[in-house]
Every structure is written in structure tokens, then in C-alpha cells.
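Please keep the sequence and the model in view while reading.

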Amino acid sequence: LRRRGLLKFGDIWDIPCFAALYHWGLLDYRVVVRRALKAWRGKTVSELVEEGRMCVDGDIRPRLRTPLVELLRDLREQQVEPVLMSASPHELLRHLAADLGVELLATRLSVTDDRFTGEVEGERCYGAGKLRILNDHLDRRGLERGRTLVLGDSISDRPLLETARLPVAVAPDPRLRSWARRNAILLWDI
């Protein structure tokens with residue numbers, strides 16, 4: 001990411017720290033959002049979409065596990081519409097959602113004159129906000145709430161998992177793993 005100009009030298013030291021905090025379910029989402037919004041302020045929509053494409057191609061796609069990709073394909077074949085939900089900005093994940101053939105519900109960034117303002121538009125797609133965004137999506141489509149299969153990897157996905165008909169903790173962080181075991185939630189370590 002540094003070679004591509006997406007990170008400054010000082011930011012490189014933050015990555016292992018953020019990764020460890022995320023893995024242990026201790027990442028302060030508000031701190032990360034504040035820093036990211038500051039970094040994206042003034043960028044054009046196309047610049048952020050291109051950053052997202054580079055991240056997907058270089059960092060995310062190589063880590064996609066075959067069982068997950070096959071599950072998404074099987075669901076689509078059974079007329080189930082998978083949705084990718086993420087706290088990350090919609091623009092960063094647009095290419096991933098298209099590659100996976102899923103609808104994307106993600107945090108929306110505020111734009112003025114084709115440039116990001118550094119603010120979030122509407123509700124952040126994180127924690128309980130994810131559940132509200134999903135419920136709004138289901139309501140708009142006339143679909144019944146609670147008849148969902150939810151795959152979550154972080155303790156912040158707990159509100160979604162608690163209301164799902166079939167909750168699955170996928171390669172979960174330690175706090176989600178512990179909660180899933182206590183609540184007899186299916187664990188999938190892919």
C-alpha cells in the first residue's frame with residue numbers, strides 16, 4: 001500500500017497495531033474512522049474507488065477462501081440474494097461486491113462536487129448500525145426480518161448474529177468466538 005501511495009511511512013506502524021486490536025475485538029472503530037475520514041477528505045470519488053480496486057486486487061481477493069465463494073454461488077443458485085455488509089466505505093468495496101455477485105450495504109461517505117467531505121452520510125454500517133441498515137434494506141424489499149443467514153467475523157457483528165435465523169461466526173475474533181460458544185452459535189473456521 002505504501003508503494004502505491006495509499007499509506008504514508010508513519011501509517012505503516014499503525015497497521016500491525018490495528019490488526020492486533022481488530023483480531024482481539026478491541027479496535028476502537030471511532031478512532032479508525034476519524035483517521036480514515038481525515039485521510040480521504042478532498043479525494044475524488046474515482047480516486048477512492050481506484051484505491052478500493054487496488055486493495056481488493058492486491059489484498060482481499062488473494063485471501064478469499066474457496067468455501068466462502070462456493071457458498072455465495074450456491075446461495076445465488078437457490079435464489080437467495082447474498083448481501084455484503086461492511087463498516088468500510090461503499091466506494092472501497094464496490095469491486096469486491098461486484099466480483100462476488102452480491103449486493104453491498106456499507107458506510108456511505110458524504111460527497112460535495114465529486115470530492116469527499118470527510119464526513120459520513122447517514123448511519124455508519126457498524127455494530128447496531130449494521131442491524132438497522134439491514135432491517136431498512138429488508139423492509140424496502142418487503143422481506144421478513146429475522147429470516148436471515150448471517151456470517152460474522154467480529155464481535156461488532158453480534159447485533160446481526162443475535163437476530164439471524166442462522167447465525168454463523170466465520171473465522172471469528174476471540175471475543176466473538178467466546179460469545180458464539182456460550183450461545184451455541186455455529187463456528188466456521190475457514
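## Overview

This is a predicted model, in which local features need pLDDT of at least 70 and side-chain atom pairs count only at pLDDT 80 or more, while totals for chains, interfaces and linings use all residues. Residues are numbered from 1 along each chain as its sequence is written, and side-chain values use heavy atoms, with hydrogens and water left out.

The chain has nine helices and six strands. Both kinds of element are DSSP runs numbered from the N terminus: helices are H or I runs of at least four residues, and strands are E runs of at least two. Of the 190 residues in the chain, 38% are buried. Here, buried means under 20% relative accessible area, exposed means over 50%, and partly exposed lies in between, with a 1.4 Å probe and protein chains only. Contact is defined as heavy atoms within 4.5 Å. Among contacts between residues at least 6 apart in sequence, 47% join residues at least 24 apart.

## The parallel sheet

Strands of a sheet pair through backbone hydrogen bonds, either parallel or antiparallel. Two strands are taken to pair if DSSP finds at least two bridges between them.

Together, β4, α8 and β5 make a right-handed β-α-β unit. Right-handed means that, with the strands pointing away from the viewer, the path from the first strand over the helix to the second runs clockwise.

## The mixed sheet

A further open sheet of three strands has the order β1-β2-β3 and mixed pairing. Strands β1 and β3 (115-121) stand at the edges with a single partner strand each, so one side of each is left without a neighbour in the sheet. The twist averages 45° from one strand to the next. Helix α6 (residues 90-100) lies across β1, β2 and β3 and runs at about 150° to β1. Helix α7 lies across β1 and β2, at about 140° to β1.

| Strand pair | Sense | Bridges |
|---|---|---|
| β4 and β5 | parallel | four bridges |
| β5 and β6 | parallel | three bridges |
| β2 and β3 | antiparallel | four bridges |

Individual residues mark these pairings. Gly152 stands opposite Ala169 in β5, Val170 stands opposite Trp188 in β6, and Val111 has Phe116 in β3 as its bridge partner.

## Helix α7 and the cores

Helix α7 has 14 residues and reaches 20 Å from its first C-alpha to its last, close to the 20 Å expected at 1.5 Å a residue. That expected span is 1.5 Å times one less than the number of residues. The buried residues of α7 pack against β1 (83-89), β2 (103-112) and α8. Just after α7, Gly142 takes a positive phi of about 70°.

Why does Lys130 count as buried? Lys130 counts as buried because its relative accessibility is 8%. This residue is found in helix α7. Leaving aside neighbours within four places in sequence, Lys130 is in contact with Met85, Ser86, Ala87, Arg124, Cys125, Asp157 and Leu160.

A nonpolar core is a set of buried Ala, Val, Leu, Ile, Met, Phe, Trp, Tyr and Cys residues joined through side-chain atoms within 4.5 Å. Of the 17 residues in the largest such core, Met85, Leu160, Leu176 and Trp179 touch the most other members. The elements giving two or more residues to this core are α7 (128-141), α8 (158-163) and α9 (174-182). The largest share, four residues, comes from α7. Apart from this core lies another, of eleven residues, among them Ala36, Leu37, Leu92 and Leu109.

Key. Axes are lines fitted to C-alpha atoms, for helices over the stretch in contact, and angles run from 0 to 180 degrees between N-to-C directions.
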